[in-house]
Amino acid sequence: MRQLIGLIPLIPLLSSVCLMLLGGRLPRLWIGLLGVGSVGLAALLTGLTAVDFLANPEPFQLTLWVWMQVGNFAPGVAFYFDGLTLVMMSVITGVGFLIHLFSTEFMEEDKSYARYFAYLNMFVAAMLILVMADNLLLLYLGWEGVGVCSYLLVGFWYQNSANGQAARKAFIVTRIGDTAMALGLFLLFTELGTLNIQALGVAANETWQVGDKLPLIACLLLLAGAVGKSAQLPLHTWLPDAMAGPTPVSALIHAATMVTAGVYLIARTHELYLLAPIAMIAVALVGLSTSLMAAFTALTQRDIKRILAYSTISQIGYMFLALGVGAWSAGVFHLMTHAFFKALLFLGSGAIIHCLHHEHDIFKMGGLRTRMPVTFWSFMIGSAALAALPMTSGFFSKDQILLQAYQVDGIGPWLWLGGLLGALLTAIYSFRLVFVVFFGKANTEPDRDTGWRMALPLSLLCALALFGGWIMLPVAEVFPTASGLHPAHWVEYVSIAVPIVGVVIAYLVFYSGQLRVDGLLNMPLMQSLQRFWYSGWGLDALYDRLFVRPYYALAALFKGEPVDAVYGLIVAINQTLNGWLAEGQSGQMRRYLISMVFGLIVVLAIMLGAF
Amino acid sequence: MDGLNIPLSHILLVSSLLFSVGMLGLMMRRNIIFILMSLEVMLNSTALAFVAAGAHWGQPDGQIVFMLILSVAAAEVAVGLGLVLQIQRRFKSLDMDNANRMQG
Amino acid sequence: MLMINLILILLVGGLLAMLSERFGSHVPRMVALAVVLLDLVYLLLALSGLPELGGLQAPVPGDPQTWLMHYRAEWIPAFGISFEFALDGISLLMVLLTLVLGAVAVSSSWTDVTTKCGFFEANLLWTLAGVLGVFMALDLFLFFLFWEVMLIPMYFMIAIWGHEQRAYAAMKFFIFTQASGLLMLVSVLTLATIHQSNTGVWSFSYFDLLNTQMAAQTAYWLMLGFFVAFVVKLPGFPFHTWLPDAHTQAPTAGSVILAGVLLKTGAYGLIRFAVPLFPEASIDFAPIALWLGAAGVVYGAVLAFAQTDFKRLIAYSSVSHMGFVLLGVYAWNQLALQGAVMQMVAHGFSTAALFMIAGSLQERLHTRDMREMGGLWHNMPRMGAVAMFFIIASLGLPGLGNFVAEFLVLLGLFQVDPWLTMIAALGLITGAAYSLLLMQRSFQGEPDESRRLNDFGTREMLTMALMMVALIGLGLYPQPVLDMAQPVLDGLLQFSATVVGGQL
């Protein structure tokens, strides 16, 4: 059984290659079967492996071949399987399968049906390789692979150049992080002589002391990679724009799996981070500040997908916070529950968009509660989990994160307070979405309700979002155990109460209208603050000024090829000399003769010794 | 060996004077006929030098070369006059400076 | 003899191709293809008879007997000039690459060249012959001869079958290569003279000239002569400016050969001659060369981003990619050198394919200006997908050949100079920027429904598939290539270490 895990990424990959080569000639049914079936099969195999692994939870390694060997640099195409891998693989194949199924209905009218599934399958394969890799180089392969698939899928509707713009932005911004990560890989290999993740942990503990400079630099470089991929400050700006892709893509790539790769990377290399406490604090601070920034921004957005995108950024911020405070398993737990409820929300929004003629503005929706009941309940459950209302899956994971953050020495309570503020905002913006879209008066009539291929994934994800909190993650062996201390009870009570307060506020403001905030909102300060938040804290404009435009200007400046001017100068000198000498060749016999005679006289004079 | 005995240097002086006259004519005249005439003068000045030298050394070579120069001059005049006709036809003038098509 | 035969087949084949035009304008193409394939098959058959290939041992640079093949015959004995050819792992790799890309180039001239087909194919084959000679000649005089031989037919290819500004581009190409080649000739002659005055024997043989003793100052200047010749060809910053013009104006097959093969002769020359002949001088010079390499990577990428001409953009991307080769060579350790060799091979395929796509676009649209393209994926989905593949390959996606190359170079460089690695790594980001811009402007965006364009046909798809398979193979299992180069590089590293007693 264990030897078969190599097949799990291979099946979607093969299916993707088939679809690329034959895509145009296959009937739609076949394309759908191939696309969904391959991921389904991968999910099935993952399930079987899980059963096998849980019976005998011993990590194992599978080397397919040595990728490249130069001296002692010999990374393999090799997989490592432990509890963390299992969790990630289950999320990818499980949620991935549901999203593929959903896509068959969502994309049924699209002309490029085969291309869509080819990309989507390739993404699943790359993501699986990312989480299964036993060395950082293979992980990097998956890492870049998912980046390219994300690029292809964001720009899937290539006819609109805005989509291409968004896709390029997504790729290039994450590439900045990826490049930093590659430098981290160089550093790790140069210092420790291996890229195998398990061996790195051992070698790092032997070579370095806690607080050394090198692990700090290495961890910060890896963090830069994680920040890029997971859309954290300051490299988050690509994610809201990436919503240009088809909505199931946003659900799979930009909510459930790819964007959490950064969390996975840090969790995977936690032994390095334990050697660099400052890097851990950096992770926590990045997470907390991102989560607050994105929550404020989500409050002001109007586009349903952008709200969800900022909410994703914010939730991944929580995961980073968890990792930064050493709550490794809580971070991974939140990763899983978030995959459930955020995929649910995105698919729900996809259903709305699908049935509402591609309408994205929430204020043009409204009253959909009775017209799209399945979607309504999906959104209710998803938002409840997102807001971390008690007993939903999000509640368990977020609660763990907040409690463990509280216990950190020194800054712990501050981190906890920040997290609470984020939780309050989360509850407000998620239920703002629910009340605006599903209650009130209807602004746009849906032209259909969801079919079974949409309804089934939604229902299953509802179940997972509700009860996923009860799943016990098999990661005890992977991470060092957290301290058994529990903070005072009031801390827990406050953590539970805050989201409920948020929901009540959202109810009062956006549903019953009993809490009037217009006066507050119309104050000049609040107005400009809203605009500031709406623009994503002005970071896009800032980067545009700081990097994009200077780069364009630089390119325009160099376009004329200044180096060539140097050679042009040589040419010019030669041409001038040529001009002078050519003067002498006037074509007039008499001048030639005169010069000849003068020459003769000079020669004769020299010969006669006159000079 | 009797009679008028002109020293060689006198004849060479006359010859070089003739040559210079021809060359100056070549350099200064623009009319192509005069250029041809100057050329003839130059050729004849050299021929004179040859004859004088031949007489001085008592050798026949000088006179042989004189014959050669004579025939060269005749041929040159033939070609030259042909060119003159062509130039007259093409440029409607005998100005040598008009024929400067070969400049670089 | 095998090595001479390889060259002779191409030379005679070129003549045949030229003469065969009288039977119809499509005949030369067939002849040319047949000749290149014959050469390839001949080489492969001969190789299968070599027992050493399996366990290549490290060829010692100074000892021809340890090489895979060695052939020597007198030519001008008075000056110690001989027909000396030798083959080791790296030359063999380059020869294989040359022949494969030669076939690709013939294929890309299939519909592109319509006038004087015979002479065109002849020039193509003669260029290939010159390149093979460069990769195999180990007599420095002979090497110089082949260096010139590959230049002149290439000049004709650009000057006769090029685009609008072909005369300018061909002249620029010729003057740059020729002037720098003459510098190399001066160096070669001086080196031989020094060797003669040291030992009393005239020789131009590589094996004799290694280890020539001379003053440090002299060595430095001679090394510069070689360096400039090779870096102009590479092309390295700041000697690259002939490349965009030559590439842009050359016919497709010319661009394919130019980018795929000719540029590699520069890299090969650096590894084979410039560094081993003058190891001490190269140490002194390495920091400057590394900076030039990094500058080339970034400068090429920035300029590629600014272009609106499809071919010119790819040409500048070559400048950027070959900067990695320069970095790899002068980092002079196992990882970086392997990366440089890998880059030579991988860049050969990816760029040749991109130039073929550019040529196909030019053939169909009669323009290379990307502002007049857009949405071509809609009109030509196959070509779009193929272009996407090669663009992604050229931006260095892991799993494809270029990534292995760039990663190894940077990894090796990091051990020498981490800060410079950071600068060179900027090339990865800027590389993504121009590659994706190329895709966006040509194939994505608003399609023009009124365009009626032929998509890639079978011949084109076959050629492309060959190169795709090659790049995927190089990316996922580069070991055969690495194994071929490994013993050679080990030998070189050992040699330079014994001469200077350390790393560059």
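## Reading helices, domains and chain contacts

Mentor: In this predicted model, helix H3 of chain C runs over residues 89–108, and its 20 residues reach 28 Å from the first C-alpha to the last, close to the 28 Å expected at 1.5 Å a residue.

Trainee: Into which domains is chain C divided, and how many residues does each bring to the contact between them?

Mentor: Domain 1 of chain C covers 1–48 + 61–227, while domain 2 of chain C covers 278–504. Taken over C-alpha atoms, the centres of domain 1 of chain C and domain 2 of chain C are separated by 23 Å, and the contact takes 19 residues from domain 1 of chain C and 24 residues from domain 2 of chain C. On the side of domain 1 of chain C that touches domain 2 of chain C, H3 and helix H9 (216–233) of chain C each supply at least two residues, and H3(C) gives the most, with nine residues. By class, the residues on that side of domain 1 of chain C divide into 13 nonpolar, four polar and two charged.

Trainee: Turning to the contacts between chains, which pair of chains that touch has the most contacts?

Mentor: The size of an interface is often given as the accessible area lost when the parts come together; here we read residue contacts instead. Two pairs of chains touch, and the most contacts are between chains A and C, where 37 residues of chain A are in contact with 39 residues of chain C. Several elements of chain A each supply at least two residues to the side that touches chain C, among them strand S1 (60–66), helix H5 (136–154) and helix H24 (539–558), but H6(A) gives the most, with 13 residues. That side of chain A has 22 nonpolar, nine polar and six charged residues. By contrast, no contact joins chain B and chain C, whose closest C-alpha atoms lie 21 Å apart.

Trainee: How should I read the packing of H14(A) with H15(A)?

Mentor: Two packed helices are described by the angle between their axes and the distance between the axes. The axes of helix H14 (residues 304–324) and helix H15 (residues 328–355) of chain A come within 9 Å and cross at roughly 175°, and H14(A) and H15(A) are therefore roughly antiparallel to each other. The residues that meet include Leu308(A), Tyr318(A) and Met319(A) in H14(A) and Trp328(A), Leu335(A) and Phe346(A) in H15(A). By class, this contact of H14(A) with H15(A) has twelve nonpolar, six polar and two charged residues.

Trainee: Which overall values describe chain A?

Mentor: Chain A has 26 helices and two strands, and along its principal axes the C-alpha trace of chain A spans about 120 × 60 × 60 Å. Buried residues make up 54% of the 611 residues in chain A.

Notes. Residues numbered from 1 in each chain as written. Chains lettered and ligands numbered in written order. Predicted model: local features only at pLDDT ≥ 70, side-chain atom pairs only at ≥ 80, totals over all residues. Helix = DSSP H or I, 4+ residues; strand = E, 2+ residues; numbered from the N terminus. Expected span 1.5 Å × (residues − 1). Contact = placed C-beta atoms within 7 Å. Nonpolar A, V, L, I, M, F, W, Y, C, P; charged D, E, K, R; others polar. Domains from an automatic or database assignment. Axes fitted to C-alpha atoms, helices over the stretch in contact; angles between N-to-C directions. Parallel < 35°, antiparallel > 145°, perpendicular 65-115°, else oblique. Buried ≥ 20, exposed ≤ 12 C-beta atoms within 10 Å, placed from the backbone.
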